[in-house]
Amino acid sequence: MEPNNLCTVERRGRVHVITLTGPGEHRLGPALLGAIRSAVAAASAGAGALVLAAEGKFFSNGFDQAWARTVPLHLQATMEDAFRALVADLLALPVPTVAAVTGHAAAAGCALALAHDAVFMRGSRGFLYMSEVDAGIKIIDFFAEIMREKVPDAVARRDLLLRGDRMPAAEAVRRGMVDVAVEGGVEDVVNAAVAEAEKLAAREWDGEVVAEIRKAAWPKLWSKVKDYSAAAQVAVRPRL
Amino acid sequence: MCTMEQRGRVFVLTLTGDDEHRLSHALIASIRSSVASVAAASASAGPGTALVTVGEGRFFSNGLDNIWAGTSRERLQGLVDELRPLAADLLALPMPTIAAITGHAAAGGFLLALCHDYRIMRGDRGVLYMSEVDIGLPLPPYFVSVLRAKITAANALRDVTLRGRKLKAAEAKEMGIVDAVCPGPAETAAEAIKLAEQLAARKWDGNVYASIRMSIFPEACRSIGIVEESDEEKRKHFASRL
């Protein structure tokens, strides 16, 4: 895997830890999405579980709209497609996944966190925020499906999407969106997520079965993203 | 039957009179006309409006006009069919909507309240009641879609539809069906208007707001006859705003 300055990959025990590097907003543009996808693909090889974390004040502040402004409409779709592909890869991953929401997670950043099997979040700082209503941006179908499948409570969905509530960890836990609020700093959140991931890895589940059960658990979401997964892309390439 | 007034950024739709506000053809048409005028006014008013629906007297609405329908299946089906586009108008309305449940809301009346984004209810009197199971009527499919979209806890949905449970405001709040409970009707209306003002002050683009609302429960919207915008149209909208 090529080194890049967008995310790092390390192994802690059986856990494959991907960290979005730097103090910035970790905006999900094509480059960062590509880097994360590469890192996620590497997790399938021998890891027992995956953790996605970030450095700094933000987990991710959403799509890279500054980048989108620089390209024509038909190329903007590449960012959305890359995100859809990442979600597909996470759903099809043969190992359990844990998001370590170490800072603010907004819009696509929030959706990315929720697309993991488990979500650990920093208790003292940072919030989940679906900023679209405030920013005047409509939500496309597969994106809304992530929220529909992962935030099943009607009131939570309304408050998050239709009222743009900024939800700190404790409230997100109470509303069933986040599994654990972790006290302390960024490292504490990552350590807690890694500990959970290690426990999941220790179950030694058959990876193919994990992937099949997960896709069956979120069937609508899977149906909307599956054509974008790495495996699907490989399948459409003509054999020589 | 109903009045519509504008108070600043808030439109207030009042079901007038101390009667059951039975959803007859006349009342449904009257409400639809008022809601249409709100949608039109919001286009010129610009971003940052909200709707409050409130009832006078002891009832918010006791449902479709079963009295007029009597034993006639055609008449009843006619009313069911007539309510559906009103429900659609509300689910597609380009602004936040609040039902100030100032009295009993049963069957179609309960559905009307559920078609709003928020519900504020008086705690001293009045119940929410899906009476169909008790009176021996099946639930129209679009009723079920809206119930499933708004009442997502399985046992709450069961209690409402399959047990015909009569919910007082406090119970409804615990079940996530009502957002706030107020002492009496005046406070309920006041709180609803206050919330409406707060939401209007967020200055949301109405078209985007409605779009996001519909993306939260697309099955209910389909069931009610709303066609959601395509992803392509949404992308074009996004691009135009960059």
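Predicted model: local features only at pLDDT ≥ 70, side-chain atom pairs only at ≥ 80, totals over all residues.
## The interface between the chains

Chain A and chain B meet at an interface in which 30 residues of chain B are in contact with 31 residues of chain A. The size of an interface is often given as the accessible area lost when the parts come together. For chain B and chain A, this buried area is about 2,800 Å², and 58% of it lies on carbon and sulfur atoms. Three residues, I212(B), I216(B) and L242(B), supply 22% of the area that chain B buries against chain A, more than any other three residues.

Polar and charged groups also take part in the interface. The rule finds 15 residue pairs in polar contact across the interface of chain B and chain A, with both residues at pLDDT 80 or more. On the side of chain B that touches chain A, the elements giving two or more residues are helix 6 (141–150), helix 10 (206–216), helix 11 (218–224) and helix 12 (231–241) of chain B. Sorted by class, this side of chain B has 12 nonpolar, six polar and 12 charged residues.

## Salt bridges between the chains

Over all chains, the count comes to 36 salt bridges. Five salt bridges are found across the interface of chain B and chain A. In one pair, R202(B) forms a salt bridge with D134(A), and the closest N and O atoms are 3.3 Å apart. R202(B) lies in the loop between helix 9 (185–200) and helix 10 of chain B, while D134(A) lies in helix 5 (residues 132–135) of chain A, so the pair joins two chains. R202(B) counts as partly exposed, at 33% relative accessibility. D134(A) also has a place in the partly exposed class, at 32% relative accessibility.

A salt bridge also links D179(B) with R158(A), where the closest N and O atoms are 2.7 Å apart. Both residues belong to a network of salt bridges that links R158(A), D159(A), R163(A), D165(A), E171(A), R175(A) and D179(B).

## Salt bridges within chain A

In another salt bridge, the side chains of D141(A) and R148(A) meet at 3.1 Å, taken from N to O. D141(A) counts as partly exposed at 24% relative accessibility, whereas R148(A) counts as buried at 10%.

## Cysteines

A disulfide is a covalent bond between the sulfur atoms of two cysteines. By the rule used here, the count comes to zero disulfides over all chains. A disulfide would need the two sulfur atoms to be within 2.5 Å.

C221(B) is buried, with a relative accessible area of 2%. In chain A, C7(A) counts as buried at 3% relative accessibility.

## Two histidines with positive phi

Most residues other than glycine have a negative phi. H26(A) is not a glycine, yet H26(A) has a positive phi of about 50 degrees. H26(A) lies in the loop between strand 2 (15–20) and helix 1 (30–43) of chain A, and counts as buried at 7% relative accessibility.

In chain B, H21(B) has a positive phi of about 50 degrees although it is not a glycine. H21(B) is placed in the loop between strand 2 (10–15) and helix 1 (25–45) of chain B. Is H21(B) buried or exposed? At 2% relative accessibility, H21(B) counts as buried.

## The surroundings of H104(B)

H104(B) is found in strand 6 (residues 104–106) of chain B. With a relative accessibility of 28%, H104(B) counts as partly exposed. Which residues does H104(B) touch, not counting residues up to four places away in sequence? They are R58(B), F59(B), F60(B), S61(B), G126(B) and V127(B).

With V127(B), the side chain of H104(B) reaches the backbone nitrogen at 3.1 Å. H104(B) and G55(B) are 49 residues apart along the chain, and their C-alpha atoms are separated by 9.5 Å.

Definitions and conventions:
Residues numbered from 1 in each chain as written. Chains lettered and ligands numbered in written order. Heavy atoms only, no water. Contact = heavy atoms within 4.5 Å. Buried area = accessible area lost by both parts, 1.4 Å probe. Salt bridge = Lys/Arg side-chain N within 4 Å of Asp/Glu carboxyl O. Polar contact = N/O pair within 3.5 Å; in protein donor to acceptor, adjacent residues only side chain to side chain. Helix = DSSP H or I, 4+ residues; strand = E, 2+ residues; numbered from the N terminus. Nonpolar A, V, L, I, M, F, W, Y, C, P; charged D, E, K, R; others polar. Buried < 20%, exposed > 50% of the residue type's maximum accessible area, 1.4 Å probe, protein only.
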